[in-house]
Amino acid sequence: MNGGDHPEFPGLWDLIYATDRFYGRRGVPVSERDLQCGGVCRDMGVEAPMHLRMRGGRREAVQERREDEERHSVPMSDEHKAYQERILRAAHEGGFGGDSEVRTRVGRTWIQTEPVPAPPHQ
């Protein structure tokens, strides 16, 4: 198998990706390219247009609309919130500033950062 292709359809990604890029160069809107989320959105009865991209060598199918992307998010657990609060409190007590879940611009894209708890000592 070639990096994620279907075993019965070698070159499937290359074909679909090339087609999507072709439509993109021709200005065809994402909603008219016939790529739909086949997971969470479909299970909820929502049509969610997607486009394909390569980022850092990874193949990605990307939601067109933010609300479709958010449908895939899992609500933050109380434990996760507690870790964030604890990390920020420790930073402030140590004389450092800090914010939780901040969107920062990197190149032409945005990333969301948040404090990550250190692994337990063994």
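Predicted model: local features only at pLDDT ≥ 70, side-chain atom pairs only at ≥ 80, totals over all residues.

Guide: Just after helix 4, G95 takes a positive phi of about 90°. Helix 4 covers residues 78–93, 16 residues in total. From its first C-alpha to its last it reaches 22 Å, close to the 22 Å expected at 1.5 Å a residue.

Which residues of helix 4 are buried? They are Q84, L88 and A91. Looking down the axis of helix 4, these buried residues fall within an arc of 60°, so they line one face of the helix.

Helix 1 spans residues 12–25 and contains both W13 and Y17, which sit 4 residues apart, about one turn of the helix. A search of the whole structure gives 2 aromatic pairs. In the pair formed by W13 and Y17, the ring centres are 5.3 Å apart and the planes lie at 15°, so the rings are stacked. The cut-off for stacking is under 30 degrees. W13 has 15% relative accessibility and counts as buried, while Y17, at 22%, counts as partly exposed.

Salt bridges come next; the structure holds 5. One of them joins the side chains of R33 and D20, at 3.1 Å from N to O. R33 lies in the loop between helix 1 and helix 2 (40–43) and D20 lies in helix 1, so this pair ties together parts that are 13 residues apart in sequence. Both R33 and D20 are buried.

Another salt bridge links D43 and R42, whose closest N and O atoms are 3.9 Å apart. Here D43 is exposed at 62% relative accessibility, and R42 is exposed with a relative accessible area of 54%.

R53 and E60 also form a salt bridge, with 2.6 Å between the closest N and O atoms. R53 is partly exposed, its relative accessible area being 25%, whereas E60, at 13% relative accessibility, counts as buried. Finally, salt bridges with shared partners join D20, R21 and R33 into one network.

Methods
Residues numbered from 1 in each chain as written. Heavy atoms only, no water. Helix = DSSP H or I, 4+ residues; strand = E, 2+ residues; numbered from the N terminus. Expected span 1.5 Å × (residues − 1). Buried < 20%, exposed > 50% of the residue type's maximum accessible area, 1.4 Å probe, protein only. Arc of directions from axis to C-beta. Phe/Tyr/Trp six-rings, centres within 6.5 Å; stacked < 30°, edge-to-face > 60°. Salt bridge = Lys/Arg side-chain N within 4 Å of Asp/Glu carboxyl O.
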